[in-house]
Amino acid sequence: SVIGSNGSGKSTLINVLASVLELSRGRIMIDGIELTQLSKIWYSNQIAFSPQEPKFIDGSLKDNLIGSNEIKESLFNQILDDVDLTNYMNNRENGINSLIEERGETLPVGIRKRMSLARAMVNQGQLIVFDEPTEGLDKIGRESILELVKKENAKNKTIIIATNDQEIINLSNILIDMGSKPKPNIAKVKK
């Protein structure tokens, strides 16, 4: 987990790892290869990314969650269950084909967060990068995300989460404390 107070750089690090932002100095190595040397297309296919402030397009829920990805319906339904979005979809008049307007900004925060997590998981990447995944979620949604993290961890995926949620921190093997200056403190967690 990436931890630290507001403004400590958690989201910046997450956005660099997700290739949303480019480094202005330094470098990030992935399996001994500098991130900037990797094919952007290949890397984007390896990552499941959910930002702190998700953005959506005016279109259907399906357009926003699946886009041009091909995914089996059974796997997609499992993802919706994993992020506690199934009931929301089932209660919409047009289900997955329901339209989102105003870029989703009128949707409740918890629904936008769940949609962002579902969209990330559709990619089935081996590197999971989430920025504050439980922020704005109710108890049931939060518990669903904790279970999702445990499930993906059992698949030996690399999971990097910016959070101050103690339960997610408790699941972590490594803590990166962005509040430690001049450089982050990195520590293995003893279990």
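Modeller: Begin with accessibility: a residue is buried under 20% relative accessible area, exposed over 50%, and partly exposed in between, with a 1.4 Å probe and protein chains only. This is a predicted model, in which local features need pLDDT of at least 70 and side-chain atom pairs count only at pLDDT 80 or more, while totals for chains, interfaces and linings use all residues. Residues are numbered from 1 along each chain as its sequence is written, and side-chain values use heavy atoms, with hydrogens and water left out.

Biologist: Is glutamate 70 buried or exposed?

Modeller: Glutamate 70 counts as exposed, because its relative accessibility is 80%. As for its setting, helices are DSSP runs of H or I with at least four residues, strands are runs of E with at least two, and both are numbered from the N terminus. Glutamate 70 sits in the loop between α3 (61-65) and α4 (73-82). Its C-alpha atom is separated by 21 Å from that of proline 54, 16 residues away along the chain.

Biologist: And where is glutamate 152 placed?

Modeller: Glutamate 152 belongs to helix α7. With 4% relative accessibility, glutamate 152 counts as buried. Setting aside neighbours within four places in sequence, glutamate 152 is in contact with Met121, Ile128, Lys157 and Ile159.

Biologist: What does the side chain of serine 98 reach?

Modeller: The general idea is a polar contact: a pair of N or O atoms within 3.5 Å, where within protein one must be able to donate a hydrogen and the other to accept it, and residues adjacent in sequence count only if both atoms are side-chain atoms. Here the serine 98 side chain reaches the backbone nitrogen of asparagine 94 at 3.4 Å. Serine 98 lies in the loop between α5 (86-91) and β6 (99-100) and is buried, at a relative accessible area of 4%. Beyond neighbours within four places in sequence, serine 98 has contacts with Gly59, Ser60, Leu61, Arg92 and Glu93.

Biologist: How many salt bridges does a search of the whole structure find?

Modeller: A salt bridge is a side-chain nitrogen of Lys or Arg within 4 Å of a carboxyl oxygen of Asp or Glu. The search finds eleven. One of them joins glutamate 22 to lysine 40, with the closest N and O atoms 3.8 Å apart. Glutamate 22 lies in the loop between α1 (10-17) and β2 (29-30) and lysine 40 in helix α2 (residues 40-46), so this pair ties together parts 18 residues apart in sequence. Glutamate 22 is exposed at 69%, and lysine 40 is exposed at 61%.

Biologist: Which residue forms a salt bridge with aspartate 138?

Modeller: Arginine 114 does, with the closest N and O atoms 2.9 Å apart. Aspartate 138 is in the loop between β7 (127-131) and α7 (139-154) and arginine 114 in helix α6 (residues 109-122), so parts 24 residues apart in sequence are tied together. Aspartate 138 is partly exposed, at 43%, whereas arginine 114 is buried, at 5%. Another salt bridge, at 2.9 Å from N to O, is formed by aspartate 165 and arginine 142. That pair links aspartate 165, in the loop between β8 (158-162) and α8 (166-171), with arginine 142 in helix α7, 23 residues apart. Aspartate 165 is buried, at 10%, and arginine 142 is partly exposed, at 23%. Salt bridges with shared partners also join Asp84, Arg114 and Asp138 into one network.

Biologist: How many residues of α6 are buried?

Modeller: Twelve of the 14 are buried, and the helix is mostly covered. The buried residues of α6 include Arg114, Met115 and Leu117. To judge a helix length, take 1.5 Å times one less than its number of residues as the expected span. From first C-alpha to last, α6 reaches 20 Å, close to the 20 Å expected. Just after α6, glutamine 124 has a positive phi of about 55°.

Biologist: What does the secondary structure of the chain come to?

Modeller: It comes to eight helices and ten strands. Buried residues make up 42% of the 191 residues. The C-alpha trace spans about 50 × 35 × 30 Å along its principal axes.

Notes:
Contact = heavy atoms within 4.5 Å.
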